[in-house]
Amino acid sequence: MENKPSDYQVRERATNPLQSFVVNAPAGSGKTTLLVTRILKLLTIIEKPSEIIAITFTKKAAAQMRRKLIDVMGKNENKINDEVRTLALKAKENAINRGWEANFIESMDIITIDSLASKIIRKAPILSSSFFANITEDPSEQYEEAAKRTILEMNENDMELITFLNYDTKKIKSYLIELLKKRDQWIDVVKDYKASSCKEIEKKTYDYYQNEVKEYVDSFSEAFSIDEIKDIENILIYIHNASPKIQFLYKPDDINFWIAFGKLVLTNDGAGSIRKSFDKRMGFSADEESEIHKAKLKKIIENKTNEINNLSSIYNVIYAKKIGDIFPSVITAAADLLSNLDTHLSKIFLITKTMDFTQALRYATLTLQQTSVAEIMDNQISHILVDEYQDTNEAQVKFIKSLTDNFSGNPKKSFFVVGDPMQSIYRFRKAEVRLFKEMQTNGVGDLRPISLELTVNFRSSKRICHWLNTEYRKTFGLKDDVDKGLIKYNPCKSDPKNDDIGTGIHFHMLKGFRKASANKANEATYVYDLIVNICKDSKLSQIAVLARNRSHLREILSIFHRKQIPNGFKLVTTEIDNLQDKQSFQDILSLTKALYDLSDKISWIATLRAPWCGLTLKDLCVLFEDCSDMSSWEIINRQESLSNLSADGLVRLNFFKKVVERNIQNRGRIAHRFFIESIWRQLNGEELLLDPNDIVYIDTFLDNIDKASTPLSIDFKLLERLIENIHTSSQSNDKASKEILFMTIHKAKGMEFESVIIPGLGQPLKNDGQSLIAIDKDILSINNFKVDDSNLYDYQQSKETLRLKNERVRLLYVGISRSIEDCHLIGTVKPNKDGEYNARSDSLLKILEPIIKDCNQWKFIDSKRVEDEKSVSYESYQPKLRRIKTDSLKANEITDTHIFDKILGKELKPDHDNIYTYTGTIIHQYFKLIIKKQLDINYILSNKLDYIQALFIKKDYKKEEITMALDVIKKSLLSLCNTEDGQWIYAVHEDDQIELQHLIRLGGTLEVRVPDRSFINDNTRWVIDYKILFSDKDLITEVKKHTGQMSVYESLYDNKYPIKKAIYFAPKGKLITL
């Protein structure tokens, strides 16, 4: 098969639309292409594109899949091969023959699992018990209130549990809040405990303990040969016989046998490292028999080093006495506590008409268990595809099982799963690598998809694939052990076209110093120099710097900001810096706080120091010294202070005050977002941005102001929560064609780069903190928070630590496998007290250490100590600051003072509006009310039509006009529930903005523009305007009339998402895109 990959037949079989498959696809094997090819084949045979649902776990993956489909269907046909082009032509032919819409791909359900769950419950609000609730991205208040109510309900019956938890209700509350974020992981177990008696719980806990012990014994018995086990037994008998008081009675099928062996060969009483020597203290005397036993022991250690190191884990195996502390009442009280916690949260969600994504997924699963997905979606769903299945958790698998319940045995339905367990790196979201393995072995529900494996890596060079197959595979398991999160390595084959590219894997081990800050600075400088040399000496156009943590990248970025970026390259960062660290963001936040609190001196000082006013420190001191009992507004208006200001400062302050005085009365009368933005713009905020790209941060801030707004003010605590975890992306030089990219390994997943640099390998990685509970194999344990008194919780946490350790192996694999030609692995190691260089046990470098030593590359580069250069001091690096010029204050002054009058309605049309305008106004108002509050439309029509009729009568319209208007209003409102487009308009979407006012400069003046609706759906921003037709007209012709208006609306939004413009014709219930 010329020009076809060696696994071509497997790929061809996987796209058979009449069969179900689960495909193990390693890095670079073309998972997205495989999915798209299968979808194309489906599009050649199905009746409607709505028969297909393609599920992803990120918006980025959904957008990538949809974009690739659009490309192969004609917009970028030069990018596809002949086979895919033929399929695309057949799909187009089927689409034309069946009369599909031209843009059918854009309306297909290529969707994240969270978005699909949301869609299901929106279509079945009663059946799902969601009752039109909106999904909130910040349920912190609901979590806190649920935890508070749960603790208040605790009484004397819970005293044993409270005592067990050291009476620390404050700590308990914080742990309960954290547990609510991941309640899908424990709620089913808690329900089972609630339904079980104390004796039943105790029995299954002891059974769990016995099974765990047996698994340890079996694993060690398999790890050593029969002869080795016999030698170990003889050695243990010998050393115990050295003491006449002790007789060794344990056999290899007893855990105590292996505990004794661990204590013999490992330091720290069996919990440390392998001993280097054996003497009298271990029971070996100076005779010939002793020498024979020692020789055999050393041989076993030499042959089974890894297996013997694993003996240290036996130290964590608990004894029966360490289970008993939770019986009988502590564990049952804890189950009651957690059950009450979940119940309180559900009630709070119901009252507030909100829910989080976990609740939405739960509701969606319950809905599917009661009815079929076809009935809910109003379509026959015949084909479901799932991408990146290795990233699923238990709750998501239940949802997928419910989706496919009627698929088994139906030849017209298919289920397709693709993923790679070696790239399962989302355990912090409780993704379980075992779930992919279970899908391969057992399928889902009654469905048994055929298991296939791809082997060709189209991305990486032959050198990189060879190193992964021969060296890095050693870090994986010899076989799968999903209980430990351990999986075996699946080798890959490089594409022949990549045989001669790149230089492969490079290790850069730097000698460290005692001080961590010095090591970070040294390594950052080394990485910078390395990148400069790569840019200078190679023809690469794309270099990616990837790390486990953002903090590993910030030090390097700071050097790039201080030094020169290599010529022809631009610096691109992806969600590295915290939004709160951006100066433009801090300035507008200070302005907002100052405008809403005249006594907040810190915010006022920051605002007066900001570029739009730019007072000097000397002028600020003149204003604010000796004024502790006055508000900031009083201070800047006090004549005594003003008289001592510099002439320049007085001009600046007067300009600032004039803008505020002119606008402050509008606070609370218009949307807070608009109030802040209008003042910011009048202060020349946009013109004063140091980087024009910072406007994105301003838009993000204003979006979050919307979310944190109350009718009268802004909830600044909520605002802080909303913005604390927002990280920004940036780009330095738009004209440069070559890129140096910075991102985390998680963000790089699914991407590829010519050269990859992974720094920070020697730095410690953070582990998850302690939790109130732990769960393993449906057994619940509770943390007693006692350092010296370990129990079942500590054992289960030790297992979780091991799973995380094995996930780190996969994380590093993901990072390395992003590279096409070269990969540079960089780590700094501090010497120990003996001057030896060994990697930290909690670092990624520890994974590589045996490999590097085996190939004799554990060699270290002397680093120049740069910490004494004070590279980040004020003397060597002064940040760029901008301050408005005094001369331009008057020239830039806003003269359009009537702008707020427009917003407040003082220039609205007079009361004698014609019947058509007035009817349109009423429909717009009711659309806004109904959609925002998700009101029942039939209820509105039953109870409000008389009121609406009275409004028209009061206006003295003619009877026939009123009859016509009421008919249009009724049809318009009913269109929201009776038509497919109307139902979509009725639903609440991500970042939903209803009649949000925007300030825009048109022709030199500030104007207000108010799109009826804007939201994000399927990774696309929709901008929609409502139009009311009173007679039959050609909708396409009507749409064209509003092209200019919609283009202005489009300009109001950034290019973070592709934008679609559309008109919704209310009485018709029809949405037409431009």
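Tutor: What follows begins with a sheet, goes on to a pair of helices, and ends with the cysteines. This is a predicted model, in which local features need pLDDT of at least 70 and side-chain atom pairs count only at pLDDT 80 or more, while totals for chains, interfaces and linings use all residues. Residues are numbered from 1 along each chain as its sequence is written, and side-chain values use heavy atoms, with hydrogens and water left out.

Let us start with the sheet. It is an open sheet of 8 strands with mixed pairing, and their order is β14-β13-β15-β12-β16-β19-β11-β20. The names come from DSSP runs numbered from the N terminus, where a strand is a run of E of at least two residues and a helix is a run of H or I of at least four; two strands pair if DSSP finds at least two bridges between them. Strands of a sheet pair through backbone hydrogen bonds, either parallel or antiparallel. At the edges lie β14 (727-731) and β20 (860-861), each of which pairs on one side only. The partner of β14 is strand β13 (residues 569-578), and the two are joined in the antiparallel sense over 4 bridges.

Now turn to the helices. Helix α25 (residues 583-596) packs with helix α33 (residues 716-723) at an angle of about 170 degrees, and their axes are 13 Å apart. Axes here are lines fitted to C-alpha atoms, for helices over the stretch in contact, and angles run from 0 to 180 degrees between N-to-C directions. The angle makes α25 roughly antiparallel to α33, a word used for angles over 145 degrees. From α25, the residues F585, L589, T592, K593 and Y596 meet F716, L719, E720 and I723 of α33, where contact means heavy atoms within 4.5 Å. The residues of this contact divide into 6 nonpolar, 1 polar and 2 charged. Nonpolar covers Ala, Val, Leu, Ile, Met, Phe, Trp, Tyr, Cys and Pro, charged covers Asp, Glu, Lys and Arg, and the others, Gly among them, are polar.

Finally, consider the cysteines. A search of the whole structure finds 0 disulfides, a disulfide being a pair of cysteine sulfur atoms within 2.5 Å. The sulfur of C535 is 16 Å from the closest cysteine sulfur, in C823, which is too far for a bond. The sulfur of C855 also has its closest cysteine sulfur in C823, 14 Å away and too far for a bond.

How values were computed:
Angles under 35 degrees count as roughly parallel, over 145 as roughly antiparallel, 65 to 115 as roughly perpendicular and the rest as oblique.
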